[in-house]
Amino acid sequence: MPAFARGHNRSSSQASSASTTSANVTPPVYILNRTSHTRSSSNSSAASYDPTLASSSAASVAGPESRSIRQTPSTTMTTLVATSQSATALCDAGGSSHASMHIGTHSRSSSSSNLVHAGEIIASTGLLRGKKKDYVVLTRNELLRFKNKSKAADMFPSLNSIQRQPSNASSLSSTNTVAESPIQSSQDSVICTLDRVTALFEVGHVHIEVAYIDDHSSPRSTILQFGTRAETELWLQRLLFAVPKRTVAHCLPADTLESLRTYLRARNDYYEPAFKAFRVVLQQHSQNKSSTKVATSSDDLTKLANAATHAILVIGHYAVHLLAVDSKPSPFSSVHGNLQSQFTPLSSHGIVALVHLAMSPRDSTLYLSFRTALNPVRSLELASCAAKDIIQSVRSSIEHLRPCWTEYPLTMDVPEYVQDEPLVPIPDPNPGSNDDDYGLNGFNMTLAAYCVAYGIPNAPKSIAYEVVWDEDNGLVFRLLPPRKSGLTPAQYTFLELLCVMRALRWNEAFGGVSFAGVSLASLQDLSDPYALIELDQTRTANSRRISKFMKALPTLKLEMQLLMLCSTTLRMLDLNGCVRPPKYHNQEMNERASGIIDALMHVAKRATSNVDSFVFSNIQIDLYDFDFLVDVASSRAAHLRNIEIAHCGLYERELTLLLQALEVHENTLEGLDISENPGRISVYSLNESLYRFQYMRHLYMRKLLTTSEDLPLLSVDTLSNMRLQRLVLDGTRLRRISVTHLCDYLSTSRSSSLVQFSIQSCGLTGGDIGDLLSAMGKSPAKQHPDLTIYIGDNPICTAGFDVFLKSITKLGTSVRRISMPRIEFHKEQFLCEFFTVLASPECKITHLDLSLLLIPDADASAHACDLLGNVFARNSSLISFNLTGETSKLQVARIGHGIGRALERLAENDSIRELYIEGNELSVDGAMLIAQALTRNRTIRRIHLDDNDINLQGFTAIVNSIVESGNTAVRFISRPKKDQARQLRTLRELCSKLDAEITILRQQKRSTTSSLGSSEKDGRDKSSELAVKVEAHIKAAETLKVLENEWERVYERLDKWLKRSSGASHVDEELTEEQEKTRMAWDRLRGAGRSGRKVSAGGRVVK
């Protein structure tokens, strides 16, 4: 903490009280009445001192009666009154004096009316010699030094009219000494012109340093020494009054500014509206300020002057850079020379790492303190006449980089007039472009600022995330695994995770934050011993201070709690599998916990946050965490809306206790996930607890183990009492009684709100699924337009397959979306019957997933493929059809290359818009058939056909058919990357093989040539064989290069055509149906007045 900040009441009371001494005993100083010098308070670039300091100066000299003037600020400087009869006479005489004088080589017009302050000083002293006196005069424009008073009187005749003070007053006058570094001025010369002063500051109790730029543009410093503290303060006030508002500290040459811009561009830190540059002095002699020893010799003062470093403070977009100025610039350096020849980089500090900002009310000193994670505070003690502008520019940058923060972890000790002055806002970079992120409240910019502050400027390229729309939480931020290459699983460093969490802390754009699948292990055992300085100033969203309990928390717990407490819009936290399992090797109970659940539940119980949805799936919950979880679940103040604890290692007793505790949230709980826990729960207690949640919308019970009671898993009463939208029972064994109750529920109007009903791998037969589908057709609602039913991986063909087929024909428009992957058809007859039903006009299914079909043979027969062709030709309701296959060593799940015959009938289809046929080994013949179909089909928009053994010839045929037939309906064709790699891999292997053979032949040829017993015929044979291999290698390499170029040319031609037909800027973007819904929701959001776009990995904007 700077000395002036301790006990400072922001009103410069110390300066006023300290100056009272000079009012009681009048020192030999001379003050001129001046009323024409004004400073506009509306100027945004005013100097760094208080405009009311002049009145304070007058009050300190004229006595208590005059000090009341300081309480009335004015745009005009207060009149400076005389301190004695001699000073009054000086003012009267000076008003009519306009003599023009010349000193040395300085030719200028001066008058006594410019006189501000004057006094006799001692230039040097020593042990064996007397005192040498000089005379210093401060005018409105210059600080001058004369050999004696008579020399000064030649320029200022009014000084002759000054009478010497009485002996009792003169005995109190201090011995003033002046020293310059690094060069001494002449006897009668100008120390400096005031418009070239860069800083005025106190070096000690009786020292003032004047830093300035000389006539050769070199930095210089002069230190003035006084005998008393009162003299020091009085001279400092006069100097501050005389220095103009704008000096060389504010204005740098154009070539210097351009060099600084180049410096920032090289560090990716240049943004013109935020760019500022000021001349400063870096004070490195702060230890001398508290010293009471008075330096009297010129050498001592020269050492003090050399202790300060002249520098330039550059404010970039994300950081503050300090560059030392060369005190002796080379005369041979070009004006546009290298920046390194003019400046030396000293340090760079991230703006968002600023923790303390202070400005002295007495001189031009300012303090900037920075702190990065796990490091102590590092302070910069600077001085500049542009201190106020520096403070305001830094504050503007802070608000620009943290647009949503209402409370900054920053202490400010600046005068009130500076703090109350409105800041000049920095405009958003490219607010109207397609690459801005200001719909996300500048998240990308804040994240980049933290990365720069923490010394990881390349982190934004490796930090991958996406922002998606969620119906329950609005915009959801999802951190994705890092995009790093390597054999070991990539993890984020603790600094990268801290950057993400602190950039999210006050961002009001997100309703949910997800770290699912991302390891937070690097933060689990981390603590920051230097964080108290920030936490003392941190406030929550309701302006509460951070408690002592929170300050002692590890970093991960602290950051999670602050994430909850500092946002008013955040409602969901997803921590699915983000922390490692607990340790059990002789640790205490609190060390075995997950390290995060107890911290979040502590905040949730106190109801100090709006977060009411928690996802703890795939985190092993120990007894310590479970106690916190049950405690919050039993507290009505927590107002829980969603809780997910799938695969958390909970047993029957723990599941039962948790469900009973959650009953107090019967009016708020909307989502519950208790999947994949080892506990075998009683279906009776399960139904009893779930019956109370009448607002339940999402219920997930995957792979749930239940008791063998003859009761339904979910009774019709329990289901009908809830408002379910998503019911997922995958992997849970459903007995016949459970199917019956599900049928009863699906036949009621209470099921009309369902959008997802998943019963995959539940051991259901074709008859069971047929009954469920028939029940949906009997529902009073009649239509479930948004419902998708998932029935994959069930033994449909074992029993009741005819019931299943009949239910599909009777569905009508009740259910239009069916997903049935991994269905095993034991006989091909079942597959043929199913294709026949799909081709019938009674089938109204719009979205059908038949991926990974398992049939007796590796490929479907010609008859089955013909029936599939009838589906393409006759079905007029299918919009999306998924026939993706898979070929692996363990199993073959596909229709096979015969699907090409069916795709030939695609020309007769007028409904399908999206087709998935990957992994079916179409080969070139199948690609030719697709090309023929696309010349006539005008409805398909997206085709996915990778991994089909389609070489360049087949893909070129497809592209040519689209372009030459003028098919503008196609918007997306997946690039056959696997097929391309397979084709090129063959040629690359051939080139590698030939290269190895050529190397061996050359070695054999050399050995044959050097051998004495070898014949000439052997040499000729080796040479001819080598020539053949070399020629084959050249041809293979040329063919490889031609193929690579041809693939790129075909891709380029396809992209050009798709851009022309669709107008999309990212033609290779695959837009699924879910993404279409997200786009529509985003458009509604923007239409409601919020701007923004969907953002994915590394901040890339997806249109």
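This is a predicted model: local features need pLDDT of at least 70, side-chain atom pairs count only at pLDDT 80 or more; totals for chains, interfaces and linings use all residues.

Q: How do I read a sheet, and what is the strand order in the open sheet of 8 strands?
A: Start with the terms. Helices (H or I, at least four residues) and strands (E, at least two) are DSSP runs, numbered from the N terminus. Two strands pair if DSSP finds at least two bridges between them. Here the order is 14-13-12-11-17-16-15-18, and the pairing is mixed. Strand 14 (343-350) and strand 18 (411-413) are the edge strands, each pairing on one side only. From one strand to the next, the twist averages 30 degrees.

Q: Which helix packs on the sheet?
A: Look for contact, meaning heavy atoms within 4.5 Å. Angles run from 0 to 180 degrees between N-to-C directions; axes are lines fitted to C-alpha atoms, for helices over the stretch in contact. Helix 9 (residues 254-266) touches strand 11 (276-282), strand 12, strand 13 and strand 14. The direction of helix 9 makes about 65 degrees with that of strand 12.

Q: How do strand 12 and strand 13 pair?
A: Strand 12 (residues 309-315) and strand 13 (residues 319-325) are antiparallel, over 5 bridges. A311 has A324 in strand 13 as its bridge partner.

Q: Why is strand 8 called largely enclosed?
A: Buried means under 20% relative accessible area, exposed over 50%, partly exposed in between (1.4 Å probe, protein chains only). In strand 8 (residues 197-204), 8 of the 8 residues are buried, so the rest of the structure largely encloses this strand.

Q: What is a nonpolar core, and which residues have the most contacts inside the largest one?
A: In soluble globular proteins, nonpolar side chains tend to be buried together. A core is a set of buried Ala, Val, Leu, Ile, Met, Phe, Trp, Tyr and Cys residues joined through side-chain atoms within 4.5 Å. The largest has 248 residues, and F515, F804, F834 and F881 have the most contacts inside it. Apart from it lies another core, of 12 residues, including Y135 and V137.

Q: How does helix 28 lie against helix 29?
A: Their axes come within 10 Å and cross at roughly 15 degrees. Angles under 35 degrees count as roughly parallel, over 145 as roughly antiparallel, 65 to 115 as roughly perpendicular and the rest as oblique. Helix 28 and helix 29 are therefore roughly parallel. The contact includes F804 and L805 of helix 28 and F830 and F834 of helix 29.

Q: How far apart are the axes of helix 27 and helix 28?
A: The axes of helix 27 (residues 766-777) and helix 28 are 7 Å apart, at an angle of about 20 degrees. This pair is therefore roughly parallel.

Q: Is Q980 buried or exposed?
A: Q980 has 9% relative accessibility, so it counts as buried. Its place is in helix 34 (residues 977-1010). Q980 touches W1047, E1048 and Y1051, not counting residues up to four places away in sequence.

Methods. Residues are numbered from 1 along each chain as its sequence is written. Side-chain values use heavy atoms; hydrogens and water are left out.
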